[in-house]
Amino acid sequence: MVSHAQVTLDRSAVVAPVPRRLFGSFVEHLGRCVYDGLYEPSHPDADADGFRRDVIALVKELGVTTVRYPGGNFVSGYRWEDGIGPRETRPVRRDLAWHSLESNQVGIDEFARWCAATGSELMMAVNLGTRGIAEALDLLEYANQPAGTALSDLRAANGAVEPYDIRMWCLGNEMDGPWQLGHLTAEEYGALAARTASAMKMADKDLELVVCGSSGSAMPTFGEWERVVLERAYDHVDYISCHAYYQERGGDLGSFLASSIDMQFFIDTVTTTADQVKRRRRSSKTIDVSFDEWNIWYLDEHQSLTDVSDTWEFAPHLLEDVYSVADAVVLGNLLITLLGNTDRVTSASLAQLVNVIAPVRTEPGGIAWRQTTFFPFATTSRLARGVVLRPTITCATYETAVYGDAAVVDAVATLDEESGSAAVFLVNRSLTEPIVATIDARSLGVSAIRETAMLHDADPNATNSPADPARVALRPNPSASVEDGLLTVTLPPVSWTAVALTLGD
Ligand code: AHR
(Lines give C-alpha, C1' and ligand atoms only; values in the text may rest on other atoms or scores of the structure.)
Protein backbone atom coordinates (compact mmCIF):
# COMPACT_ATOMS: atom_id res chain seq x y z
CA MET A 1 0.00 0.00 0.00
CA VAL A 2 1.25 3.51 -0.80
CA SER A 3 0.34 6.34 1.58
CA HIS A 4 0.41 10.06 0.90
CA ALA A 5 1.72 13.06 2.80
CA GLN A 6 1.16 16.73 2.10
CA VAL A 7 3.92 19.18 2.98
CA THR A 8 3.29 22.90 2.48
CA LEU A 9 6.10 25.43 2.47
CA ASP A 10 5.39 29.08 3.13
CA ARG A 11 8.26 31.49 2.52
CA SER A 12 7.02 33.68 5.36
CA ALA A 13 7.02 30.83 7.93
CA VAL A 14 10.63 31.57 8.89
CA VAL A 15 11.99 29.96 12.06
CA ALA A 16 15.41 31.65 12.03
CA PRO A 17 18.57 31.91 9.95
CA VAL A 18 20.46 28.60 9.74
CA PRO A 19 23.14 28.95 12.45
CA ARG A 20 26.32 27.41 11.05
CA ARG A 21 27.24 26.26 14.56
CA LEU A 22 24.34 23.81 14.37
CA PHE A 23 26.70 21.52 12.46
CA GLY A 24 29.25 21.22 15.24
CA SER A 25 30.76 18.04 16.59
CA PHE A 26 32.68 16.87 19.63
CA VAL A 27 36.17 15.45 20.21
CA GLU A 28 36.86 13.97 23.64
CA HIS A 29 40.01 12.33 24.94
CA LEU A 30 38.12 9.05 25.10
CA GLY A 31 38.98 5.66 23.64
CA ARG A 32 40.34 6.05 20.11
CA CYS A 33 38.80 9.41 19.26
CA VAL A 34 42.04 11.41 19.57
CA TYR A 35 44.78 8.76 19.85
CA ASP A 36 44.66 6.15 17.08
CA GLY A 37 41.84 8.21 15.63
CA LEU A 38 42.46 11.73 14.38
CA TYR A 39 46.05 11.55 15.75
CA GLU A 40 48.30 8.70 14.65
CA PRO A 41 51.88 9.88 14.01
CA SER A 42 52.98 6.51 12.62
CA HIS A 43 50.21 6.43 10.01
CA PRO A 44 51.49 6.77 6.40
CA ASP A 45 49.08 9.68 5.87
CA ALA A 46 50.05 11.62 9.03
CA ASP A 47 51.04 15.29 8.77
CA ALA A 48 53.92 16.98 10.65
CA ASP A 49 51.75 17.21 13.80
CA GLY A 50 50.87 13.50 13.65
CA PHE A 51 47.32 14.13 12.45
CA ARG A 52 45.85 11.85 9.80
CA ARG A 53 45.22 13.72 6.56
CA ASP A 54 42.59 11.20 5.46
CA VAL A 55 40.61 11.94 8.64
CA ILE A 56 40.97 15.69 8.12
CA ALA A 57 39.59 15.26 4.59
CA LEU A 58 36.57 13.31 5.89
CA VAL A 59 35.91 15.86 8.63
CA LYS A 60 35.89 18.60 5.98
CA GLU A 61 33.53 16.56 3.81
CA LEU A 62 31.28 16.06 6.83
CA GLY A 63 30.88 19.83 7.00
CA VAL A 64 31.72 20.18 10.68
CA THR A 65 31.68 23.83 11.74
CA THR A 66 32.63 23.80 15.44
CA VAL A 67 34.32 21.18 17.61
CA ARG A 68 33.73 20.92 21.35
CA TYR A 69 36.90 19.79 23.17
CA PRO A 70 38.40 18.03 25.24
CA GLY A 71 35.34 16.46 26.94
CA GLY A 72 32.91 15.22 28.03
CA ASN A 73 33.46 13.33 31.24
CA PHE A 74 37.21 13.51 30.58
CA VAL A 75 37.34 17.25 31.15
CA SER A 76 36.21 16.91 34.77
CA GLY A 77 39.61 15.48 35.74
CA TYR A 78 41.75 17.23 33.13
CA ARG A 79 44.74 19.46 33.82
CA TRP A 80 45.14 21.45 30.62
CA GLU A 81 48.76 22.38 31.49
CA ASP A 82 49.74 18.71 31.06
CA GLY A 83 49.10 19.05 27.33
CA ILE A 84 51.41 21.97 26.51
CA GLY A 85 55.15 22.34 25.96
CA PRO A 86 57.68 19.78 24.73
CA ARG A 87 55.92 16.50 24.14
CA GLU A 88 58.67 14.40 25.70
CA THR A 89 58.17 16.09 29.08
CA ARG A 90 54.39 15.78 29.20
CA PRO A 91 53.13 13.56 32.01
CA VAL A 92 51.11 10.37 31.66
CA ARG A 93 48.01 10.57 33.84
CA ARG A 94 45.11 8.34 34.74
CA ASP A 95 41.79 9.40 33.22
CA LEU A 96 39.31 8.31 35.87
CA ALA A 97 36.25 9.00 33.74
CA TRP A 98 37.11 6.33 31.16
CA HIS A 99 39.58 4.35 33.24
CA SER A 100 42.33 4.92 30.67
CA LEU A 101 45.84 6.30 30.46
CA GLU A 102 46.29 9.77 28.97
CA SER A 103 49.64 10.47 27.28
CA ASN A 104 48.94 14.21 26.80
CA GLN A 105 50.62 14.07 23.40
CA VAL A 106 47.70 16.14 22.10
CA GLY A 107 46.74 19.29 24.00
CA ILE A 108 45.23 22.66 23.26
CA ASP A 109 48.02 23.80 20.88
CA GLU A 110 47.92 20.70 18.72
CA PHE A 111 44.14 20.62 18.76
CA ALA A 112 43.86 24.27 17.73
CA ARG A 113 46.10 23.46 14.75
CA TRP A 114 43.91 20.47 13.91
CA CYS A 115 40.82 22.71 13.99
CA ALA A 116 42.56 25.16 11.65
CA ALA A 117 43.39 22.28 9.29
CA THR A 118 39.74 21.14 9.27
CA GLY A 119 38.37 24.69 8.97
CA SER A 120 36.37 24.33 12.20
CA GLU A 121 35.90 26.59 15.21
CA LEU A 122 37.26 25.37 18.54
CA MET A 123 34.72 25.32 21.41
CA MET A 124 36.48 24.71 24.72
CA ALA A 125 35.28 23.15 27.96
CA VAL A 126 36.81 24.00 31.34
CA ASN A 127 37.14 21.57 34.24
CA LEU A 128 34.64 22.39 36.99
CA GLY A 129 34.79 18.86 38.41
CA THR A 130 38.16 18.72 40.15
CA ARG A 131 39.18 22.33 39.46
CA GLY A 132 37.72 25.80 39.56
CA ILE A 133 37.83 29.47 38.69
CA ALA A 134 41.62 29.98 38.80
CA GLU A 135 42.38 27.16 36.37
CA ALA A 136 39.59 28.28 34.02
CA LEU A 137 41.03 31.80 34.00
CA ASP A 138 44.52 30.45 33.36
CA LEU A 139 43.33 28.45 30.38
CA LEU A 140 41.44 31.48 29.07
CA GLU A 141 44.57 33.62 29.39
CA TYR A 142 46.71 30.98 27.67
CA ALA A 143 44.22 30.64 24.82
CA ASN A 144 43.00 34.17 24.21
CA GLN A 145 45.30 36.82 25.66
CA PRO A 146 47.26 38.40 22.77
CA ALA A 147 50.67 38.82 24.47
CA GLY A 148 52.62 40.29 27.35
CA THR A 149 51.38 38.09 30.21
CA ALA A 150 52.92 34.98 31.68
CA LEU A 151 50.53 32.56 30.03
CA SER A 152 50.14 34.31 26.67
CA ASP A 153 53.92 34.49 26.42
CA LEU A 154 54.09 30.81 27.30
CA ARG A 155 51.69 30.07 24.44
CA ALA A 156 53.88 32.09 22.10
CA ALA A 157 56.95 30.20 23.33
CA ASN A 158 55.05 27.00 22.55
CA GLY A 159 54.67 28.13 18.95
CA ALA A 160 51.36 30.03 18.86
CA VAL A 161 52.11 33.75 18.72
CA GLU A 162 48.56 34.61 17.68
CA PRO A 163 45.87 33.96 20.30
CA TYR A 164 43.25 31.33 19.51
CA ASP A 165 40.39 33.73 20.25
CA ILE A 166 38.08 30.94 21.40
CA ARG A 167 34.57 32.37 21.65
CA MET A 168 32.46 29.53 23.08
CA TRP A 169 33.32 28.01 26.46
CA CYS A 170 31.49 25.23 28.32
CA LEU A 171 31.37 25.65 32.10
CA GLY A 172 32.17 22.03 32.95
CA ASN A 173 30.38 18.96 31.68
CA GLU A 174 27.24 17.11 32.82
CA MET A 175 27.60 18.28 36.39
CA ASP A 176 24.11 16.85 37.11
CA GLY A 177 25.38 13.29 36.52
CA PRO A 178 26.38 11.19 39.56
CA TRP A 179 29.05 9.61 37.29
CA GLN A 180 30.76 12.98 36.86
CA LEU A 181 34.01 13.59 38.75
CA GLY A 182 33.16 16.31 41.24
CA HIS A 183 29.41 15.96 40.62
CA LEU A 184 27.48 18.81 42.27
CA THR A 185 23.95 19.60 43.30
CA ALA A 186 22.12 22.16 41.16
CA GLU A 187 22.56 24.78 43.89
CA GLU A 188 26.29 24.12 44.19
CA TYR A 189 26.88 23.99 40.45
CA GLY A 190 24.73 27.05 39.73
CA ALA A 191 26.79 29.06 42.22
CA LEU A 192 30.14 27.80 40.87
CA ALA A 193 29.10 28.32 37.25
CA ALA A 194 27.94 31.87 38.06
CA ARG A 195 31.24 32.74 39.78
CA THR A 196 33.35 31.16 37.04
CA ALA A 197 31.35 32.80 34.27
CA SER A 198 31.45 36.19 35.92
CA ALA A 199 35.25 35.92 36.33
CA MET A 200 35.73 34.81 32.71
CA LYS A 201 33.62 37.73 31.52
CA MET A 202 35.78 40.10 33.54
CA ALA A 203 38.57 38.96 31.24
CA ASP A 204 36.44 39.19 28.09
CA LYS A 205 32.83 40.36 28.26
CA ASP A 206 32.06 39.01 24.79
CA LEU A 207 32.74 35.35 25.55
CA GLU A 208 29.82 33.02 24.86
CA LEU A 209 29.41 30.81 27.90
CA VAL A 210 27.47 27.54 28.12
CA VAL A 211 26.13 26.45 31.49
CA CYS A 212 25.47 22.72 31.98
CA GLY A 213 21.86 21.68 31.61
CA SER A 214 20.68 18.10 32.03
CA SER A 215 22.51 15.02 30.74
CA GLY A 216 19.22 13.71 29.38
CA SER A 217 15.48 14.25 29.64
CA ALA A 218 15.20 11.09 31.76
CA MET A 219 17.42 12.46 34.53
CA PRO A 220 15.47 12.58 37.83
CA THR A 221 16.46 16.24 38.24
CA PHE A 222 15.47 17.23 34.67
CA GLY A 223 13.70 20.61 34.58
CA GLU A 224 14.40 21.44 38.22
CA TRP A 225 18.15 21.34 37.51
CA GLU A 226 17.75 23.92 34.75
CA ARG A 227 15.56 26.15 36.92
CA VAL A 228 17.90 26.16 39.92
CA VAL A 229 21.09 26.54 37.87
CA LEU A 230 19.66 29.39 35.80
CA GLU A 231 18.25 31.17 38.87
CA ARG A 232 21.88 31.47 39.98
CA ALA A 233 23.81 31.85 36.73
CA TYR A 234 21.34 33.54 34.36
CA ASP A 235 22.99 36.94 34.19
CA HIS A 236 26.44 35.54 33.43
CA VAL A 237 25.80 32.87 30.79
CA ASP A 238 24.54 32.80 27.22
CA TYR A 239 23.60 29.17 26.57
CA ILE A 240 22.30 26.20 28.48
CA SER A 241 23.38 22.78 27.26
CA CYS A 242 21.22 19.76 26.38
CA HIS A 243 22.63 16.25 25.92
CA ALA A 244 20.60 13.40 24.41
CA TYR A 245 21.47 9.95 23.10
CA TYR A 246 18.99 7.57 21.50
CA GLN A 247 19.01 3.85 20.76
CA GLU A 248 16.72 1.12 19.54
CA ARG A 249 15.60 -0.85 22.57
CA GLY A 250 14.14 -4.35 22.60
CA GLY A 251 13.76 -4.45 18.82
CA ASP A 252 11.22 -1.58 18.92
CA LEU A 253 12.27 0.14 15.70
CA GLY A 254 9.00 2.09 15.47
CA SER A 255 9.66 3.94 18.75
CA PHE A 256 13.33 4.43 17.88
CA LEU A 257 12.42 6.05 14.56
CA ALA A 258 10.30 8.56 16.50
CA SER A 259 13.18 9.57 18.84
CA SER A 260 13.04 13.17 17.69
CA ILE A 261 9.78 13.51 19.66
CA ASP A 262 11.89 13.30 22.80
CA MET A 263 14.37 15.83 21.43
CA GLN A 264 11.49 18.26 20.78
CA PHE A 265 10.14 17.69 24.31
CA PHE A 266 13.63 18.30 25.70
CA ILE A 267 14.06 21.61 23.82
CA ASP A 268 10.55 22.80 24.70
CA THR A 269 11.02 22.05 28.39
CA VAL A 270 14.42 23.71 28.64
CA THR A 271 13.44 26.85 26.73
CA THR A 272 10.20 27.19 28.71
CA THR A 273 12.14 26.89 31.97
CA ALA A 274 14.76 29.39 30.81
CA ASP A 275 12.05 31.84 29.78
CA GLN A 276 10.29 31.51 33.16
CA VAL A 277 13.55 32.40 34.89
CA LYS A 278 14.00 35.28 32.45
CA ARG A 279 10.56 36.65 33.32
CA ARG A 280 11.07 36.24 37.06
CA ARG A 281 14.35 38.11 36.81
CA ARG A 282 12.84 40.70 34.45
CA SER A 283 15.86 40.08 32.25
CA SER A 284 16.09 41.38 28.70
CA LYS A 285 18.46 38.56 27.77
CA THR A 286 17.29 35.28 26.22
CA ILE A 287 19.26 32.10 26.91
CA ASP A 288 19.74 29.88 23.85
CA VAL A 289 20.29 26.13 23.76
CA SER A 290 23.65 24.57 22.96
CA PHE A 291 22.66 20.97 22.14
CA ASP A 292 26.28 20.03 22.61
CA GLU A 293 25.97 16.26 22.80
CA TRP A 294 23.47 14.41 20.62
CA ASN A 295 23.64 11.16 18.71
CA ILE A 296 22.64 7.52 18.58
CA TRP A 297 24.49 5.57 21.28
CA TYR A 298 23.92 1.90 22.16
CA LEU A 299 24.70 2.70 25.76
CA ASP A 300 22.88 -0.37 27.12
CA GLU A 301 25.35 -2.59 25.28
CA HIS A 302 28.38 -0.92 26.83
CA GLN A 303 29.99 -1.54 30.11
CA SER A 304 28.40 0.60 32.78
CA LEU A 305 30.29 3.87 33.09
CA THR A 306 31.10 3.11 36.70
CA ASP A 307 31.98 -0.56 36.11
CA VAL A 308 35.75 -0.32 35.86
CA SER A 309 38.30 -3.06 35.34
CA ASP A 310 41.80 -3.39 36.78
CA THR A 311 43.58 -2.50 33.57
CA TRP A 312 44.75 0.96 32.55
CA GLU A 313 45.36 1.25 28.81
CA PHE A 314 46.23 4.00 26.37
CA ALA A 315 43.47 4.57 23.80
CA PRO A 316 41.37 1.47 24.52
CA HIS A 317 38.56 0.47 22.16
CA LEU A 318 35.58 2.17 23.81
CA LEU A 319 32.12 3.09 22.53
CA GLU A 320 32.93 2.08 18.93
CA ASP A 321 29.30 1.79 17.86
CA VAL A 322 28.66 0.55 14.32
CA TYR A 323 25.74 2.39 12.80
CA SER A 324 22.98 1.00 10.61
CA VAL A 325 20.80 2.59 7.96
CA ALA A 326 17.99 2.90 10.54
CA ASP A 327 20.38 4.72 12.90
CA ALA A 328 21.25 7.15 10.10
CA VAL A 329 17.56 7.79 9.37
CA VAL A 330 17.04 8.67 13.05
CA LEU A 331 20.10 10.93 12.98
CA GLY A 332 18.72 12.67 9.87
CA ASN A 333 15.44 13.16 11.74
CA LEU A 334 17.22 14.61 14.78
CA LEU A 335 18.86 17.14 12.45
CA ILE A 336 15.41 18.02 11.09
CA THR A 337 14.32 18.72 14.68
CA LEU A 338 17.41 20.78 15.46
CA LEU A 339 16.82 22.85 12.30
CA GLY A 340 13.16 23.31 13.23
CA ASN A 341 14.22 24.85 16.56
CA THR A 342 16.92 27.23 15.40
CA ASP A 343 15.05 30.15 16.92
CA ARG A 344 16.49 28.78 20.21
CA VAL A 345 18.99 26.05 19.36
CA THR A 346 21.84 28.02 17.82
CA SER A 347 24.68 25.62 18.50
CA ALA A 348 24.87 21.83 18.51
CA SER A 349 27.56 19.16 18.59
CA LEU A 350 27.21 15.68 17.18
CA ALA A 351 28.87 13.47 19.79
CA GLN A 352 31.39 12.37 18.79
CA LEU A 353 33.51 12.71 15.65
CA VAL A 354 36.06 9.89 15.23
CA ASN A 355 35.78 6.22 16.34
CA VAL A 356 33.86 6.94 19.56
CA ILE A 357 30.11 6.89 18.68
CA ALA A 358 31.26 8.58 15.52
CA PRO A 359 30.45 9.15 11.85
CA VAL A 360 34.14 8.64 10.94
CA ARG A 361 35.98 5.41 11.78
CA THR A 362 39.63 4.48 11.41
CA GLU A 363 41.83 1.40 11.48
CA PRO A 364 45.28 1.94 13.03
CA GLY A 365 47.69 2.07 10.11
CA GLY A 366 44.77 1.47 7.77
CA ILE A 367 41.76 3.10 6.18
CA ALA A 368 39.33 5.72 7.42
CA TRP A 369 35.70 5.29 6.39
CA ARG A 370 32.25 6.86 6.61
CA GLN A 371 29.63 5.30 8.85
CA THR A 372 25.98 5.45 7.71
CA THR A 373 25.36 8.44 9.97
CA PHE A 374 27.97 10.43 8.06
CA PHE A 375 25.65 10.91 5.11
CA PRO A 376 22.62 12.79 6.48
CA PHE A 377 24.91 15.02 8.54
CA ALA A 378 27.20 15.91 5.62
CA THR A 379 24.30 16.54 3.25
CA THR A 380 22.30 18.63 5.70
CA SER A 381 25.35 20.72 6.60
CA ARG A 382 26.03 21.32 2.89
CA LEU A 383 22.47 22.06 1.74
CA ALA A 384 20.87 23.83 4.73
CA ARG A 385 21.56 27.49 3.90
CA GLY A 386 19.77 30.78 4.39
CA VAL A 387 16.74 30.58 6.68
CA VAL A 388 14.79 27.65 8.10
CA LEU A 389 11.13 27.35 7.07
CA ARG A 390 8.64 25.52 9.26
CA PRO A 391 6.48 23.35 6.99
CA THR A 392 2.89 22.30 7.54
CA ILE A 393 2.69 18.51 7.32
CA THR A 394 -0.44 16.42 6.89
CA CYS A 395 0.16 12.67 7.06
CA ALA A 396 -0.87 9.46 8.78
CA THR A 397 0.29 8.53 12.26
CA TYR A 398 1.45 5.22 13.69
CA GLU A 399 1.40 3.96 17.23
CA THR A 400 4.62 3.68 19.20
CA ALA A 401 5.14 2.05 22.57
CA VAL A 402 7.27 4.92 23.85
CA TYR A 403 5.74 8.08 22.34
CA GLY A 404 2.13 7.14 21.57
CA ASP A 405 1.01 8.31 18.12
CA ALA A 406 3.83 9.53 15.89
CA ALA A 407 3.59 11.13 12.45
CA VAL A 408 5.00 8.86 9.73
CA VAL A 409 6.64 11.81 7.99
CA ASP A 410 8.79 14.56 9.44
CA ALA A 411 10.31 17.37 7.39
CA VAL A 412 11.91 20.79 7.42
CA ALA A 413 13.01 23.20 4.68
CA THR A 414 15.57 25.93 4.15
CA LEU A 415 15.47 28.86 1.77
CA ASP A 416 18.50 30.78 0.56
CA GLU A 417 17.36 33.85 -1.38
CA GLU A 418 20.94 34.90 -2.01
CA SER A 419 21.90 31.82 -4.01
CA GLY A 420 18.35 31.28 -5.35
CA SER A 421 18.09 27.83 -3.81
CA ALA A 422 16.08 25.87 -1.28
CA ALA A 423 16.26 22.43 0.29
CA VAL A 424 13.75 20.05 1.85
CA PHE A 425 14.75 17.30 4.28
CA LEU A 426 12.29 14.47 4.89
CA VAL A 427 12.07 11.15 6.73
CA ASN A 428 9.62 8.31 6.32
CA ARG A 429 9.38 6.52 9.67
CA SER A 430 7.04 3.80 8.40
CA LEU A 431 8.56 0.33 8.72
CA THR A 432 6.64 -1.00 5.72
CA GLU A 433 4.94 1.65 3.59
CA PRO A 434 6.42 3.91 0.94
CA ILE A 435 4.96 7.41 1.13
CA VAL A 436 4.34 9.74 -1.78
CA ALA A 437 5.03 13.22 -0.45
CA THR A 438 3.61 16.21 -2.29
CA ILE A 439 5.48 19.35 -1.37
CA ASP A 440 3.74 22.58 -2.22
CA ALA A 441 6.69 24.90 -2.81
CA ARG A 442 4.80 27.43 -4.95
CA SER A 443 5.37 30.28 -2.51
CA LEU A 444 9.12 29.77 -2.97
CA GLY A 445 9.02 30.06 -6.77
CA VAL A 446 10.69 26.70 -7.26
CA SER A 447 11.63 25.96 -10.86
CA ALA A 448 13.77 22.82 -10.87
CA ILE A 449 15.31 20.03 -8.83
CA ARG A 450 19.03 20.54 -8.47
CA GLU A 451 19.89 17.39 -6.54
CA THR A 452 18.35 14.55 -4.58
CA ALA A 453 20.10 12.43 -1.96
CA MET A 454 18.50 9.47 -0.24
CA LEU A 455 19.56 7.10 2.49
CA HIS A 456 17.63 3.86 2.29
CA ASP A 457 18.40 0.17 2.00
CA ALA A 458 16.31 -2.96 1.63
CA ASP A 459 18.08 -3.97 4.83
CA PRO A 460 17.68 -1.22 7.49
CA ASN A 461 20.38 -3.01 9.50
CA ALA A 462 23.01 -2.62 6.77
CA THR A 463 26.28 -1.03 7.95
CA ASN A 464 29.67 -0.02 6.57
CA SER A 465 32.79 -1.84 7.73
CA PRO A 466 36.53 -1.87 6.97
CA ALA A 467 35.92 -4.88 4.71
CA ASP A 468 33.04 -3.15 2.89
CA PRO A 469 33.38 0.59 3.66
CA ALA A 470 30.95 1.70 0.94
CA ARG A 471 28.22 -0.91 1.50
CA VAL A 472 25.85 1.94 2.48
CA ALA A 473 26.01 5.21 0.56
CA LEU A 474 23.73 8.01 -0.55
CA ARG A 475 21.80 7.47 -3.75
CA PRO A 476 19.66 9.86 -5.76
CA ASN A 477 15.90 9.58 -5.29
CA PRO A 478 14.81 9.19 -8.93
CA SER A 479 11.11 9.55 -8.10
CA ALA A 480 11.41 13.31 -7.46
CA SER A 481 9.76 15.63 -9.97
CA VAL A 482 8.56 19.23 -9.92
CA GLU A 483 5.79 20.92 -11.87
CA ASP A 484 4.39 24.40 -11.32
CA GLY A 485 6.07 24.60 -7.92
CA LEU A 486 4.61 21.28 -6.76
CA LEU A 487 7.27 18.77 -5.88
CA THR A 488 6.47 15.07 -5.67
CA VAL A 489 8.83 12.52 -4.17
CA THR A 490 8.36 8.94 -3.03
CA LEU A 491 9.93 8.15 0.31
CA PRO A 492 10.69 4.44 0.81
CA PRO A 493 10.04 2.94 4.27
CA VAL A 494 12.73 3.77 6.87
CA SER A 495 14.40 6.41 4.71
CA TRP A 496 15.85 9.92 4.79
CA THR A 497 15.77 12.16 1.70
CA ALA A 498 17.10 15.61 0.86
CA VAL A 499 15.90 17.53 -2.19
CA ALA A 500 17.81 20.62 -3.31
CA LEU A 501 15.77 23.04 -5.41
CA THR A 502 16.48 25.93 -7.75
CA LEU A 503 14.32 29.05 -7.49
CA GLY A 504 13.28 31.43 -10.24
CA ASP A 505 12.56 31.08 -13.94
O1 AHR B 1 29.99 11.33 24.59
C2 AHR B 1 30.26 10.36 25.54
C3 AHR B 1 29.97 10.82 26.97
O4 AHR B 1 28.60 11.04 27.08
C5 AHR B 1 30.57 12.16 27.38
O6 AHR B 1 31.85 12.03 27.87
C7 AHR B 1 29.64 12.61 28.46
O8 AHR B 1 29.56 14.00 28.53
C9 AHR B 1 28.32 11.96 28.11
O10 AHR B 1 27.79 11.27 29.20
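1. Ground rules. This is a predicted model, where local features need pLDDT of at least 70 and side-chain atom pairs count only at pLDDT 80 or more, while totals for chains, interfaces and linings use all residues. Residues are numbered from 1 along each chain as its sequence is written, and side-chain values use heavy atoms, leaving out hydrogens and water.

2. Two domains. The protein chain splits into domain 1 (3-10 + 388-503) and domain 2 (19-383); these bounds come from an automatic or database domain assignment. Their C-alpha centres sit 30 Å apart. Domain 1 puts 40 residues into the contact and domain 2 puts in 37 residues, with contact meaning heavy atoms within 4.5 Å.

3. The barrel. Look for eight strands that close up in the order E3-E4-E7-E8-E9-E10-E11-E13, with parallel pairing. From one strand to the next, the twist averages 30°. Strands (E, at least two residues) and helices (H or I, at least four) are DSSP runs, numbered from the N terminus. Two strands pair if DSSP finds at least two bridges between them.

4. One pair in detail. Take strand E3 (residues 24-26) and strand E4 (residues 66-69): they are joined in the parallel sense by two bridges. Phe26 has Arg68 in E4 as its bridge partner.

5. Helices over strands. Helix H8 (residues 260-281) lies across strand E10 (239-246), strand E11 (288-296) and strand E13 (345-351), and runs at about 160° to E10. Helix H9 (residues 325-340) also lies across E10, E11 and E13, at about 175° to E11. Axes here are lines fitted to C-alpha atoms, for helices over the stretch in contact, and angles run from 0 to 180 degrees between N-to-C directions.

6. H1 against H2. Helix H1 (residues 53-62) packs on helix H2 (residues 108-118) at about 55°, their axes 9 Å apart. H1 and H2 are therefore oblique to each other (under 35 degrees is roughly parallel, over 145 roughly antiparallel, 65 to 115 roughly perpendicular, the rest oblique). Ile56, Val59 and Lys60 of H1 touch Trp114, Ala117 and Thr118 of H2. Those contact residues come out as four nonpolar, one polar and one charged (Ala, Val, Leu, Ile, Met, Phe, Trp, Tyr, Cys and Pro count as nonpolar; Asp, Glu, Lys and Arg as charged; the others, Gly among them, as polar).

7. H1 against H10. The axes of H1 and helix H10 (residues 374-383) come within 8 Å and cross at roughly 60°, so H1 is oblique to H10. Leu58, Glu61 and Leu62 in H1 meet Phe374, Phe377, Ala378 and Ser381 in H10. This contact has five nonpolar residues, one polar and one charged.
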